[in-house]
Amino acid sequence: MSTPTKVAVVYYSSTGTIAEIGKQIALHAEKAGAEVRLLKAAELAPQAAIDSNPAWAANAAATADIPVATPEDIEWADAVVFGSPTRFGNVTSQLKQFIDTLGGLWAQGKLVDKVYSGFTSSATAHGGQESTLLALYNSFHHFGGIVVAPGYTDPAKFADGNPYGTSHVDAQGNNPVDDTTREAARIQAERVVKIASALKAGLAAG
Ligand SMILES: Cc1cc2nc3c(=O)[nH]c(=O)nc-3n(C[C@H](O)[C@H](O)[C@H](O)COP(=O)(O)O)c2cc1C
């Protein structure tokens, strides 16, 4: 009997938008039959910065129980879905720092032949969602990974409109994650599980 496809959802979130999308991706990956680990990248910001922003402090408290990702989680996974808010059109330093700890696995060839995908959020509609996802996807090519983007593989993708990955405009905390973004997360999670399962079965069959 085949083992379930293993999915790691690894995110960084300051004020909770990405944490919420990460939860949705994990939920729908699980519903699609995967074994899922929902994990966060370690915080690098000073406590004083977190305490100065009520939304940041609230998210830190709300997600205190989410385990911090380790390279072992990536080795374990058949598919990894990374999430990061936009930072000046780029990936957060916190998530990037975690990715930089994967050098040992990379050197041993242990990042290859896995499925990778990503999600993001920004304050504004043209604030860098695509550039953030594409920056994230640069690393997946170096891993020897299989990039699985949602594309427009479902009619609902024309509502959220981002073929690169689930994304949300949070209007600086004034626009919480909504049904359109939750639907995009579902489509992406299901597609990741489907392709990762097919890849795993194909690789096992030689
Ligand atoms: C240092 C910094 C840089 C940011 N850069 C951008 C940006 O380039 N474009 C944008 O639309 N939002 C930008 N934002 C806003 C966040 O990306 C956005 O609010 C995001 O949805 C927050 O996600 P979170 O709630 O998971 O932390 C920036 C925020 C910070 C703190």
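Keep in mind that the model you are looking at is predicted.

**Stop one: the largest pocket**

Select Thr15, Pro85, Arg87, Asp170 and Gln172. Of the 25 residues that line the largest pocket, these are the closest to its centre. The space in this pocket comes to about 550 Å³. Now colour helix H1 (17-31), helix H3 (54-62) and strand S4 (115-122): each gives at least two residues to the lining. What kinds of residue make up this lining? It has 8 nonpolar, 15 polar and 2 charged residues.

**Stop two: the second largest pocket**

This pocket holds about 280 Å³ of space. To find it, pick Ala125, Gln129, Asp160, Ser167 and Val169, the closest to its centre among the 17 residues that line it. Next, highlight helix H7 (129-143), strand S6 (167-169) and helix H9 (179-204), the elements that supply two or more lining residues here. The lining splits into 2 nonpolar, 12 polar and 3 charged residues.

**Stop three: H1 against H9**

Hide everything but H1 and H9. How far apart are their axes? They lie 8 Å apart, and the helices pack at an angle of about 45 degrees. Because of that angle, H1 counts as oblique to H9. The crossing is right-handed.

Finally, show side chains where the two touch. On H1, select Glu20, Ile21, Gln24, Ile25, His28 and Ala29. On H9, select Thr181, Arg182, Ala185, Arg186, Gln188, Ala189 and Val193. Together, the contact residues of H1 and H9 are 6 nonpolar, 4 polar and 3 charged.

Note on methods:
Residues numbered from 1 in each chain as written. Predicted model: local features only at pLDDT ≥ 70, side-chain atom pairs only at ≥ 80, totals over all residues. Heavy atoms only, no water. 1 Å grid on protein atoms, 1.4 Å probe; cavity = no way out; pocket = protein on both sides within 12 Å on 5 of 7 lines; lining within 4 Å. Points joined across faces, edges and corners; volume = space filled by probe spheres on them. Helix = DSSP H or I, 4+ residues; strand = E, 2+ residues; numbered from the N terminus. Nonpolar A, V, L, I, M, F, W, Y, C, P; charged D, E, K, R; others polar. Axes fitted to C-alpha atoms, helices over the stretch in contact; angles between N-to-C directions. Parallel < 35°, antiparallel > 145°, perpendicular 65-115°, else oblique. Left-handed = near helix turned anticlockwise from the far one by under 90°. Contact = heavy atoms within 4.5 Å.
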